[in-house]
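Here is a set of questions and answers for a reader who is meeting this structure for the first time. Please keep the sequence and the 3D view at hand while reading.

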Amino acid sequence: MTETVTNYERPLQIPDRGLKGGPRIIRRLPEGTEEKPYTLFHVKPLGPLIGAEIEGVDLRQPVSPELRHELNRALLEWKVIFFRNQDITSEQQRDFARLWGELETHPFLPQGNSEDVVRFAKNDKTAGHENNWHSDVSWRLTPALGAILRVKEVPPLGGDTLWADMAAAYDNLPDDVKQRIDGLTAIHDFTHVFGVRLSPEELEQRQAEFPAAEHPVVRTHPETGRKTLYVNPNFTVRIVGLEPEESESLLGYLFRHSQLPEFQVRFHWEPNSIAFWDNRATQHYAASDYFPNRRVAERVAIVGDRPW
């Protein structure tokens, strides 16, 4: 039975909750950049802003300098690029990643067949815990440039990964928020994520090896020059110079804003699919909706520079 609410004055407005509906600024390329065609492969966009499949490239074959140049342009323009039906080995995956720089080792994640390969093997005993929005290793002084993930086994359903465009997140902030965060820095730390698995002695050693990093809340992309929002709920612990309550309130707003669906692409994996993302311009989220089914993936990451 439905009851009528009495003694209720309908408000014309409710308190400002920080996020509003309406059109978003969907600007895929840096302002003033002219879109150019690709000559060595076909680009299949998965949305208007972020994410595209690359068709016509066989990563079992050597990558020429010309192909590497075009792939890098696609990476910068689409933020994450995908390849299907790439039955390559871990060594071929590493060789491909090395075209972008030195490979990174991860001190806390399971190792594959070499120290620079991370292996995610999920099953009925090991569930996925990567289902928090994050930028990889933002707790490092020099976070990763990007990462290449190859999925070898997929569950019958689920197991998708989502990426969000942090340049679009910045573009769509209100002007007063942009002014407020301009010049602010934030602390990024691994302790509350990976430290819980360590003994006190191991934690002390790792904290000395990887001290908390202070990065700008808004970083400048070193290749495109675009401003990108650079805080994430997994590793960013506080904003420098603000009282704890004010810091947490502002971070909470920025986290919610950065996760708006208009900024996202969702990728459905198939065996031998590959994703290559720009870690300087995106955050990602691995949906953990397939437990207790099996999902196996290997990732290599490329050493980046210090955010500025």
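Q: In the open sheet of three strands that has antiparallel pairing, with β8 among its strands, what is the order of the strands?
A: The model shown here is a predicted one. One of its open sheets is built from three strands with antiparallel pairing, and read across the sheet their order is β9-β8-β12.

Q: Which strands stand at the edges of this sheet, each with a single partner strand?
A: A strand at the edge has a single partner, so one side of that strand is left without a neighbour in the sheet. Neighbouring strands here are turned by 35° against each other on average, direction ignored. The strands at the edges are β9 (213-216) and β12 (236-239).

Q: Which residue in β12 does Ala-186 stand opposite?
A: Strand β8, which covers residues 185-188, pairs with β12 in the antiparallel sense, and three bridges join the two. Within β12, the residue that stands opposite Ala-186 is Ile-239.

Q: What is the bridge partner of Leu-162 in β13?
A: Strand β7, made up of residues 161-165, pairs with β13 over four bridges, and the sense of the pairing is antiparallel. For Leu-162, the bridge partner in β13 is Arg-266.

Q: Is Gln-283 buried or exposed?
A: Gln-283 has its place in strand β15, and leaving aside neighbours within four places in sequence, its contacts include Trp-133, Leu-162, Trp-163 and Val-231. A polar atom of the Gln-283 side chain lies 2.7 Å from the backbone oxygen of Val-231. Because its relative accessibility is 2%, and the limit for this class is under 20%, Gln-283 counts as buried.

Q: Which residue takes a positive phi in the hairpin of β1 and β2?
A: Strand β1 (residues 42-45) and strand β2 (residues 52-55) run antiparallel and are joined by four bridges, and in β2 the bridge partner of Lys-44 is Glu-53. The hairpin has six residues between the strands, and the residue with a positive phi, near 95°, is Gly-51.

Q: Is Asn-85 buried or exposed?
A: Asn-85 is placed in the loop between β3 (80-83) and α2 (90-98), and although it is not a glycine, its phi is positive, at about 55°. Because its relative accessibility is 64%, and the limit for this class is over 50%, Asn-85 counts as exposed.

Q: How wide an arc around the axis of α2 do the buried residues cover?
A: The buried residues of α2 are Ser-90, Gln-93, Arg-94, Phe-96 and Ala-97. They lie on the same side of α2, because the arc that they cover around the axis is only 160°.

Q: How far apart in sequence are the parts that the pair of Trp-100 and Phe-276 ties together?
A: The structure holds 19 aromatic pairs. In one of them the rings of Trp-100 and Phe-276 have centres 4.9 Å apart and planes at 85°, so this pair is edge-to-face. Since Trp-100 lies in the loop between α2 and β4 and Phe-276 in strand β14, the parts tied together are apart in sequence by 176 residues.

Q: What is the peptide bond from Phe-291 to Pro-292, cis or trans?
A: Pro-292 is found in the loop between β15 (282-286) and β16 (295-302). The omega of the peptide bond from Phe-291 to Pro-292 is near 10°, and the bond is cis.

Key: Residues are numbered from 1 along each chain as its sequence is written. This is a predicted model: local features need pLDDT of at least 70, side-chain atom pairs count only at pLDDT 80 or more; totals for chains, interfaces and linings use all residues. Side-chain values use heavy atoms; hydrogens and water are left out. Buried means under 20% relative accessible area, exposed over 50%, partly exposed in between (1.4 Å probe, protein chains only). Two strands pair if DSSP finds at least two bridges between them. The arc is that of the directions from the helix axis to the C-beta atoms. A polar contact is a pair of N or O atoms within 3.5 Å; within protein, one must be able to donate a hydrogen and the other to accept it, and residues adjacent in sequence count only if both atoms are side-chain atoms. Contact means heavy atoms within 4.5 Å. Axes are lines fitted to C-alpha atoms, for helices over the stretch in contact, and angles run from 0 to 180 degrees between N-to-C directions. Rings of Phe, Tyr and Trp (its six-membered ring) pair if their centres lie within 6.5 Å; planes under 30 degrees apart count as stacked, over 60 as edge-to-face and the rest as tilted.
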